[in-house]
Amino acid sequence: MMSAMGVWTEQVVPRLTDLSLRGHQVGAEREIVCRGLSGRVLELGFGSGLNTRFYPAAVESVAAVEPSDVGWRLSGRRRDRTSVPIERRGLDGQRLDEPNASYDSALVTFTFCTIPDVPLAMREVRRVLRSGGTLHFLEHGLSPDRSVQKWQRRLEPIQQRVAGGCHLTRHTPALLEQNGFTVHDLVEGPIPGMPAGSPLTYRFRGVATIG
């Protein structure tokens, strides 16, 4: 029998994530980060398909890595509305069952915060990207404001329990640089239109290339 925490993580968290990350402010960030995607795209943490409406015309297909069956079901109507072929191609971003250099672009939004071994996942994305390929990322994480950092560190253990392992104190650009990427076009700061002092709303948006 599944524990109460297991029910919460598997049944409730995907629905809460869908509700909390589909607003206009976050949608504007999604639209920007999807610009420049092209060819065969790997989307790590596909979730409920909130990025599908923003795929550029140059995207030929999307391989969706999504561990949650509930999240995948929630994405059904959004997948039906797009002309881009989307196939679920894995459950674990730490172990991609894909050939080396097989994708032109990768997209990761609000996902590196939850993966247990995020350096391993980043190296896997790097492995499956072709030479010249790009990783487009939009993540929340560690604020430079010390007072906000204090609350992020206090709340992180609770956040991990109630939000599917989500970390509040990861610095995505630094982690990407440490794992073989070069970060370009980095924009960071509170998500426009959201509270500047919130532990949840400091975001990193950019594009990373190999080397």
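The accessible surface of the protein comes to about 10,300 Å², and 54% of that area belongs to carbon and sulfur atoms; accessible areas here come from the Shrake-Rupley method with a 1.4 Å probe, and for residues only the protein chains shown count as cover. Before I go on, please keep in mind that this is a predicted model, in which local features need pLDDT of at least 70 and side-chain atom pairs count only at pLDDT 80 or more, while totals for chains, interfaces and linings use all residues. Residues are numbered from 1 along each chain as its sequence is written, and side-chain values use heavy atoms, with hydrogens and water left out.

Let me turn to the overall form. The protein has 7 helices and 7 strands, where helices (H or I, at least four residues) and strands (E, at least two) are DSSP runs numbered from the N terminus. For 211 residues, a compact globule would have a radius of gyration near 17 Å, and the 16 Å of the protein agrees with that; the radius is taken over C-alpha atoms, and the globule rule is 2.2 Å times the number of residues to the power 0.38. Buried residues make up 50% of the 211, with buried meaning under 20% relative accessible area, exposed over 50%, and partly exposed in between (1.4 Å probe, protein chains only).

Now to the interior. A nonpolar core is a set of buried Ala, Val, Leu, Ile, Met, Phe, Trp, Tyr and Cys residues joined through side-chain atoms within 4.5 Å, and the largest one has 25 residues, with Leu42 and Phe112 among those that have the most contacts inside it. Helix H5 (118-128) is one of the elements giving two or more residues to this core, and H5 gives the most, with 5 residues. Leaving aside neighbours within four places in sequence, Phe112 is in contact (heavy atoms within 4.5 Å) with residues including Leu44, Met122 and Leu176.

On the surface, Trp8, Leu16, Leu19, Trp151, Leu155, Ile158 and Val162 form a nonpolar patch with about 630 Å² of accessible area together. Patches are made of residues with over 30% relative accessible area and no salt bridge, like charges being joined within 9 Å and nonpolar side chains (Val, Leu, Ile, Met, Phe, Trp, Tyr) within 5 Å; a salt bridge is a side-chain nitrogen of Lys or Arg within 4 Å of a carboxyl oxygen of Asp or Glu. H6 supplies the largest share of the patch, 4 residues. Leu16, in helix H1, is partly exposed, with a relative accessible area of 39%.
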